[in-house]
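Hi,

Here is the structure I promised to hand over. My notes follow below it.

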Amino acid sequence: MKTCLLFAFIFTLGQFTSNAQLLFMEDFDNYDQGPISAQNSNWSDLSTLKANVLYNGGSYTACGSDDVNQAYLNFVSAGAGNILTNRSMTTVGTQILIEVKISAADGFFIVFTGNDNNFYTYSNSSYSNSDVYLQFSMNFFYNQMQVYENGQFTGSFVIPDFITNLNGVTLANEVGDFRLGCISLWDTTDNDADGYLASDDCNDNNADINPGATEIVYNGIDDDCNPATIDNDIDQDGFLLVNDCNDNDALVNPSQIEIPYNGKDDDCNVNTLDDDLDLDGYALALDCNDANPAINPAAVEIPYNGIDDDCSSDTKDDDLDGDGFLKANDCNDIDATINPSQTEIPYNGKDDDCNVNTLEDDLDSDGFTLALDCNDANPAINPAAMEILDNEIDENCDGILGTTSTKNENVIHFNIYPNPASDMIYIHTDTEIHSVVILTELNHKVLESNEVSFNISYLKPGLYICKILTKFGKVSYCKFVKI
């Protein structure tokens, strides 16, 4: 397993420089003469000797394209002992890259210190006035270091287990002289191998979490290492998803007031009604009055209350007979033939035109209805009228024509019953009858018979006249009412 992981740790030169964080860089540009420690407090001159800063010209650029001074720190021992320059630092990353650019070297060595112990020394005395570019790639998690000279891999070194970080780099000229061009330290730590340095990665132990990841909402993790990318409370209404029933709508949360009928649970409270406010089981789309539980499609229509109780325009609340007149103007709202537009039909027992001033019976206004009045077209003929003798008119509607004593002998004495009648009428007399003729008030014959009983059920209601003839030529008249 460790071999496989080590293989993944070997980088190319391009990866070193493009995927790293610069921790420090030193090129000694523009230094005055004097102890190195006086020139830069980050460096200490362990030999207390002075180093001369010389402008020697040449084409070597110390650290970067913006470093145009081409100044070199010229270490000259001059028989006075070795010159040591030491850089102390504290690294927290598990992957460190050290770059050293030496100009005109003919001998030097580099010592790496970790956990206050020297754990690796690089020594080179084979160059003569040549520029040297060195890279030391360290991984303290896998205890490995790769060494590159002028971009070429030269070998690996196992870092002891007890060394967990780098805290010192020492350059010395003990084996020769050199001019220091540049030394820099980079943090290349990417523990989860997701392509992002630990310095840029908010969780370098999880390859799914890095600045290039897509934020997964509501997982409680800053997936893209950007606190500005919202993981919860997406609508920024101040309520997390656990309390917000719609985290994509800032107008829906527990602080809102429920707006009825908008199809939203505005206040995130299912007990606050959005529809069917009267709790009759019908939503507003079906309920014509959602503020009254007695009004809904299941209710029974109560006529004449001015309310559409069952929410159906087809169920009538007024004008039940559909004759175009409301009950306020219609004296019978269940019979379409009775309303103010109708013509009054006499003697049918109905106020056809809903006008009490239009006579339906007692048309002659003599105080007697047709059932009692043998002539309802003549106010002088009624049961209370005075009989006029010998005029062939039954003024008092008793069925007997009044005559003088000289004519009484021609009178046929009879009795007609029942009167009024609906089905049958009977004539009782002691005289032998030749025939009976039934006439309307307008003297139209409707029936003739020699019988003394008649079926009148087919006749229209009204007043009828019966003319009775005997075998001896006597004539008498009577009246009856068909109901």
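This is a predicted model: local features need pLDDT of at least 70, side-chain atom pairs count only at pLDDT 80 or more; totals for chains, interfaces and linings use all residues.

Strand β17 covers residues 433-440 and pairs with β18 in the antiparallel sense. Four bridges connect the two. They belong to an open sheet of four strands, ordered β18-β17-β20-β21, with antiparallel pairing. β18 (445-449) and β21 (475-482) each have a single partner strand, so one side of each has no neighbour in the sheet. From one strand to the next, the twist averages 20°.

**The disulfides**

There are five disulfides in the structure. Here are notes on some of them.

- C202 to C225: the S to S distance is 2.1 Å. The S-S torsion is about -85°, so this disulfide is left-handed. Both cysteines sit in the loop between β14 (179-187) and β15 (414-417), 23 residues apart. C202 is partly exposed at 46% relative accessibility. C225 comes in at 19%, under the 20% cut-off, so C225 counts as buried.
- C245 to C268: the sulfur atoms are 2.1 Å apart. The torsion is about -85°, so this one is left-handed. The pair ties together parts of the loop between β14 and β15 that are 23 residues apart in sequence. C245 is partly exposed at 45%. C268 is partly exposed at 21%.
- C374 to C397: the sulfur atoms are 1.8 Å apart. With a torsion of about -80°, the disulfide is left-handed. C374 and C397 lie in the loop between β14 and β15, 23 residues apart. C374 is buried, at 5% relative accessibility.

Best wishes

Technical notes
Residues are numbered from 1 along each chain as its sequence is written. Side-chain values use heavy atoms; hydrogens and water are left out. Two strands pair if DSSP finds at least two bridges between them. Axes are lines fitted to C-alpha atoms, for helices over the stretch in contact, and angles run from 0 to 180 degrees between N-to-C directions. A disulfide is a pair of cysteine sulfur atoms within 2.5 Å. Buried means under 20% relative accessible area, exposed over 50%, partly exposed in between (1.4 Å probe, protein chains only).
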